Amino acid sequence: MDVTGTLIAAGVIGGVGILVGLLLGKAGKVFKVEENETETAVREVLPGNNCGACGYPGCDGLAKAIAEGQAPTNACPVGGAAVAEKVAAIMGGGAEQPAERMVAFVHCGGDCDKAKDVYQYVGPEVCSIAINTPGGGPKACAFGCLGYGECASVCEFGAISMVDGIAVVDPELCVACGKCVSTCPRHLIGLVPASKEHHIRCSSKDKGLDVKKACSVGCLACTMCVKQCPVDAIEMHDNLPVIDYEKCVNCGACAKKCPAKTISE
């Protein structure tokens, strides 16, 4: 290629480059997303766990919702009161009254000593796989914790431990993100008020002798707890007591009278 051809080619390439640069610059101005300074400031004080416990898609989603007035300043359960105060200051108001703190609770007390196995399970130690084996797993109770810790594996805060074959939640570490709740294939985990002391450690819908054969701490559906509650905070549903936490006064009468010791004290 002669010198003239080389110069022409270089000129064409240079011209195309300049044109593309101009077009990109113009597009950048046309499609520029204006930065919301309030949203950015809120995002900077959020903890950055992106756990979804607030109900929004990560901390970015929550920051946007707060900045637009669609979420309260105390919506981040991980940050707690300290973060809520910082967010409130950014939003130009006082911290909103914190909602009742919730924690996860495993509605099963059937550990290795209390719940019986009917066969030895051989396979991947994953709850969502083991539940597809005969009887829904090796435990005699078809409603109890399988004990393979799938809930613990998804907890980003180290709030769940496997103790003697069942999942146990540390309420001090739990932020109520709900990942364990949605992960448990037996649906044994629920969110309960942290201020309440008594919870039903059973999910079996069987009753009486059938429960006793499978687990020594299973609910017998005797309704003793219902009769003992002085504020009518307990009702029976599907052979299980259900506590109305809005009525519960933490008196402990239900736990004291439970013959199977199914209610936590």
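Predicted model: local features only at pLDDT ≥ 70, side-chain atom pairs only at ≥ 80, totals over all residues.
Local features need pLDDT of at least 70 and side-chain atom pairs pLDDT 80 or more, whereas totals for chains, interfaces and linings take in all residues. Numbering runs from 1 along each chain as its sequence is written, and side-chain values use heavy atoms, with hydrogens and water left out.

Ser264 itself falls in the segment after α10 (253-257); helices (H or I, at least four residues) and strands (E, at least two) are DSSP runs numbered from the N terminus. With a relative accessible area of 9%, Ser264 is buried (buried is under 20%, exposed over 50%, partly exposed in between, for a 1.4 Å probe and protein chains only). Setting aside neighbours within four places in sequence, Ser264 touches Phe105, Glu197, His198, His199, Arg201 and Ala255, contact meaning heavy atoms within 4.5 Å.

Two of those partners turn up again in the second largest pocket: Phe105 and Arg201 are among the residues nearest its centre, along with Val106, Val168 and Val169, out of 24 lining residues. Strands β1 (102-106), β3 (166-169) and β4 (189-193) each give two or more residues to that lining. The pocket holds about 380 Å³, and its lining splits into 14 nonpolar, three polar and seven charged residues. Here a pocket is an open set of points on a 1 Å grid over the protein atoms alone, with protein on both sides within 12 Å along at least five of seven lines, and lining residues have an atom within 4 Å of a point.

As for the largest pocket, its volume comes to about 470 Å³. Of its 20 lining residues, Asn74, Cys76, Pro77, Ala99 and Arg101 are the closest to the centre. Helix α4 (residues 80-91) gives the most to this lining, with three residues. By class, the lining has 15 nonpolar, two polar and three charged residues.

Most residues other than glycine have a negative phi. Asp164, however, has a positive phi of about 50 degrees; this residue lies in the loop between β2 (160-163) and β3 and is partly exposed at 46% relative accessible area. Ala221 also has a positive phi, near 60 degrees. It is found in the loop between α8 (209-214) and α9 (224-228) and, at 15% relative accessibility, counts as buried.

How values were computed: 1 Å grid on protein atoms, 1.4 Å probe; cavity = no way out; pocket = protein on both sides within 12 Å on 5 of 7 lines; lining within 4 Å. Points joined across faces, edges and corners; volume = space filled by probe spheres on them. Nonpolar A, V, L, I, M, F, W, Y, C, P; charged D, E, K, R; others polar.
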